[in-house]
Amino acid sequence: MEDKVLFLESNISGLDLRPAGTVRLATAVTLASHLIIPALPRFAARFPEITLQIITGVNTVSISRHNADLALRLVRPEQYSLKIRKVGRMASAVYGSEAYLCQHPAPDTHPLDGRSFITWDSSYSHLPSSKWLNETYPNILSTLVTTSVVSQIAAVKANLGLAVLPCYIASQDSEMFEVIPTENVFSEDIWLVSHADLTASAHVRAVADFLVEIITEAQLT
């Protein structure tokens, strides 16, 4: 019965033909902080009647249960009731600060010689960056263990070691230098997820289109 009520409510909201209302977006904190939020002044100027709610930590948010209207995910959901669209790819590479690289010189042929990494806590071993590092360099020295990309970026900038970081973040920082290029690391697909019954909603569609626009501009495609 609850599912039927949720479906009916979303159908009613889907009849709205003007871009006005509230849209709940679930996404990763890195995408929110470094991609979406910096672009929001432009979004607000274009759609002043839309209120955007950003929920970070997508593992705790259920699109299928209508806890959010849209989600940007790095893992493709399996629910058939959802509308799922691939909107880009997020490349990662190994980065270090200029000071750290100068303090720990290494030949171009062996760029990790004498250098250590900022790594993920074992509870995050399922993440692509953690898996890639553990599988490719299982015996690498770790100088700091963290539980967030934000902490890893701060650690790299503090000259503590190297880290596997998203290129769209690290490449914009003049203190970051690429040590191993993305073609030798990995890229992840970015999925835009929504309710199939909300595709007619003007305000949800406006947010979805804007997300695709800024992802394309950031060359995450």
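Which residue forms a salt bridge with Arg42, and how far apart are the closest N and O atoms? Glu217 does, and the distance is 2.9 Å. The model is predicted. The points below start from this pair and work through the rest of the chain.

1. **Glu217 and Arg42.** This pair links distant parts of the chain. Glu217 sits in helix α8, while Arg42 sits in helix α3, residues 40–46. They are 175 residues apart. Arg42 has a relative accessibility of 34%, so it counts as partly exposed.

2. **Arg46 and Glu213.** A salt bridge also joins Arg46 to Glu213, with 3.0 Å between the closest N and O atoms. Here too, distant parts of the chain are linked: Arg46 belongs to helix α3 and Glu213 to helix α8, 167 residues apart. Arg46 is partly exposed at 39% relative accessibility. Glu213 is partly exposed as well, at 25%.

3. **Asp189 and Lys86.** The structure holds six salt bridges. One of them joins Asp189 and Lys86, whose closest N and O atoms are 3.3 Å apart. Asp189 lies in strand β9 (residues 186–195) and Lys86 in strand β4 (residues 82–97), so this pair ties together parts 103 residues apart in sequence. Lys86 is partly exposed, with a relative accessible area of 45%.

4. **Strand β4 and its partners.** β4 pairs with β9, and the two run antiparallel. Ten bridges join them. Within this pairing, Met90 has Glu188 of β9 as its bridge partner. β4 also pairs with strand β7 (residues 163–166), in the antiparallel sense and over four bridges. There, Val94 stands opposite Val164 of β7. A further antiparallel pairing joins β4 to strand β8, residues 176–180, again over four bridges. Ser97 has Met176 of β8 as its bridge partner.

5. **The main core.** The largest nonpolar core has 40 residues. Those with the most contacts inside it are Leu70, Leu72, Leu165, Leu192 and Leu211. Which element gives this core its largest share? Helix α8, residues 202–217, does, with nine residues. The core lies between domain 1 (21–89 + 188–218) and domain 2 (91–187), because both domains give residues to it.

6. **The second core.** A separate core has 13 residues. Leu133, Leu162, Ile180 and Phe186 are among them.

7. **Ala71.** Is Ala71 buried or exposed? Its relative accessibility is 0%, so it counts as buried. Ala71 is found in strand β3, residues 70–73. Val193 is 122 residues away from Ala71 in sequence. In space, their C-alpha atoms are 5.0 Å apart.

8. **Leu52.** Strand β2 (residues 50–56) contains Leu52. Leu52 has a relative accessible area of 22%, which makes it partly exposed. The cut-off matters for this residue: buried means under 20%. Leaving aside residues up to four places away in sequence, Leu52 touches Val23, Leu25, Leu40 and Val207. Val23 is 29 residues from Leu52 in sequence, yet 5.1 Å from it in space, C-alpha to C-alpha.

9. **His203.** Helix α8 also holds His203. At 8% relative accessibility, His203 counts as buried. What joins the side chains of His203 and Ser201? A polar contact of 2.8 Å does.

Key. Residues numbered from 1 in each chain as written. Predicted model: local features only at pLDDT ≥ 70, side-chain atom pairs only at ≥ 80, totals over all residues. Heavy atoms only, no water. Core = buried A, V, L, I, M, F, W, Y, C linked by side-chain atoms within 4.5 Å. Buried < 20%, exposed > 50% of the residue type's maximum accessible area, 1.4 Å probe, protein only. Domains from an automatic or database assignment. Contact = heavy atoms within 4.5 Å. Polar contact = N/O pair within 3.5 Å; in protein donor to acceptor, adjacent residues only side chain to side chain. Salt bridge = Lys/Arg side-chain N within 4 Å of Asp/Glu carboxyl O. Pairing = 2+ DSSP bridges.
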